Every structure is written in C-alpha cells, then in structure tokens.
Amino acid sequence: MFRRFFAAAVAATSVLWGSSALHAATIDLGFALDESGSVSRPDFTLAQNGLANALAQIPTTGENTYRISVVAFNSSARTIVPVTEVTAANLAMIQNTIRTATKFSGGTAIDRAVDLLTANFTAAGLGDTSLFNITTDGQSSLTRLQTSATAASAAGIDGLSFEAVGSANTANLLNVAFPGTPILVDDAANLPNPTEDSFVLRVAGFSDYEAAITAKIGRIVIDTGGGPTPAPVPLPAGLSLMLAAMAAFGGMRMLRSTAG
C-alpha cells in the first residue's frame, strides 16, 4: 500500500514537470536534386527555390530534432548542404545555400546521389528515422541504382522515395524505392505515410515541384510526430495533483505510526 502511494506522488511530480524528453527523436531527411543535362538552368532554379521554401515547414521547436543534407547529381554527386540540424537560427542560411548553389551538367547518376546521402548520414551517425527524397526528370542505370538502394537499406536508411518530374522513368524508380511495395502517386494531396510506405510521386513539371515537395515534407513532419512541445499541466492543476499525493503519503505514515 505504501509503495502505491509513493508511486502516485512520483507520477504527480512527473505530470507537473513533464516528460517530453523521453519521447524526443532525431529525424534525418536527405534531399537530392537532379542537375543533369536534361534539366535546364531555369528548371534547376525552380527546384532549388521550391526545396528551399518547403524546408520552412520543418519544426525548429518541439520534441523532435530534424537534420537535413542536400546533394545535387549529374554524372557524379556533390554535397550542397552537409548533415545539419535545422534550427530557427540557421534555417535562412540553409535556404540561401540551396538557392545559390551553382548548377553543373552531365549524365543522370541517381545511384551516386543515394550513395552520397548514405555516406553523409552514416558518417554523422543515423538518427531515429532516416528518409531520402530524390528528385529527377530522367533515368539511371537500374542495376547500379538497385545496388545503391540495397546498400542504403543495409546501412540503416529507413526510406527511399522519389519525385519523378516530367518524363522520368517511374518504372525504374518503383523498382528501387523502399520500404514495402512502392506506390505510384499522382496526387500530392494524398500521399502515403513515408515512414511506412515508399512511393514515387509523379510531378508534371518543375513548375509544380514546389507544391509537391511542400506537401511531402508536410506529410513527413506529421508522420514523424513533429510540432511544438505539448504544453505542461498548468501550475494549479499540477500542484493539486502533487499535493494530493503527498497528503495521501503523509496519511499513510500517520496510520502506520498509530498502529505501531
């Protein structure tokens, strides 16, 4: 009986002070932008601005920590933003870095982008959930892409999905997306849960990319539990809980003393 009352006092104190730290998680989001020869400079600018603007949805307060890395790829891949925690203080700097990145050209080695994102996050130490988002308007070697996707999964990456712009080869992308059985999605307003299902989001053109990636990041934030820290119990209510438990605890001590 004594132990039960003691536990009640501890529980009341926990309610008063909160326990949000117990539920905090680190969410890793990798983004890759296609800068191959088929992507014009104006279209690459649309992709840069679209992604930079969409990142404003990532919470900078609350229980979760969100980290991102952004790469660009052609015949090879390069890092634009290394693994970085998104905060209120550095969000504008991250967005500016993405918007002002120089465009190069070449082939469409999507596998190199997957490999580079995997290397970036494994070197930094993977968070609790890691999701890669690859944007392309072309196609890559399926064999090499399958090898890279398999290596990413083996390294601990939780999800790989794509934004297929224009005439991108959706069949190849569906062959490598994970986890589960990949889904081809045409409506950004009806995305599956990216922490549970993989998908290829078909985007008509780069002018539609910002709306697509905005919807996707918004869905990721919801499905990873992002948002502000829940408000603590107001002081009067919390205090009454703790005082009630302490009174019960004191009453039990008096009973035990009388019985003795």
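**A tour of the predicted model**

Residues are numbered from 1 along each chain as its sequence is written, and side-chain values use heavy atoms, without hydrogens and water.

Colour by burial: of the 260 residues, 43% count as buried (under 20% relative accessible area, 1.4 Å probe, protein chains only).

Next select L29, F31, L51, L55, I68 and I217, which touch the most other members of the 38-residue largest nonpolar core (buried Ala, Val, Leu, Ile, Met, Phe, Trp, Tyr and Cys joined through side-chain atoms within 4.5 Å). Elements giving two or more residues to this core include β1 (26–34), α2 (41–54) and α7 (209–223); α7 supplies the largest share, six residues.

Centre on L51. Beyond its neighbours within four places in sequence, L51 is in contact (heavy atoms within 4.5 Å) with F31, L33, V70, I98, Y209, I213 and I217. Apart from this core lies another, of 24 residues, including F73, L117, L160 and V176.

Now show α2 and α3, whose axes (lines fitted to C-alpha atoms over the stretch in contact, with angles from 0 to 180 degrees between N-to-C directions) are 8 Å apart at about 170 degrees. The two helices are therefore roughly antiparallel (over 145 degrees). Select Q48, N49, L51, A52 and N53 of α2 with Q95, I98 and R99 of α3 to see the contact.

Terms used: Predicted model: local features only at pLDDT ≥ 70, side-chain atom pairs only at ≥ 80, totals over all residues. Buried < 20%, exposed > 50% of the residue type's maximum accessible area, 1.4 Å probe, protein only. Helix = DSSP H or I, 4+ residues; strand = E, 2+ residues; numbered from the N terminus. Parallel < 35°, antiparallel > 145°, perpendicular 65-115°, else oblique.
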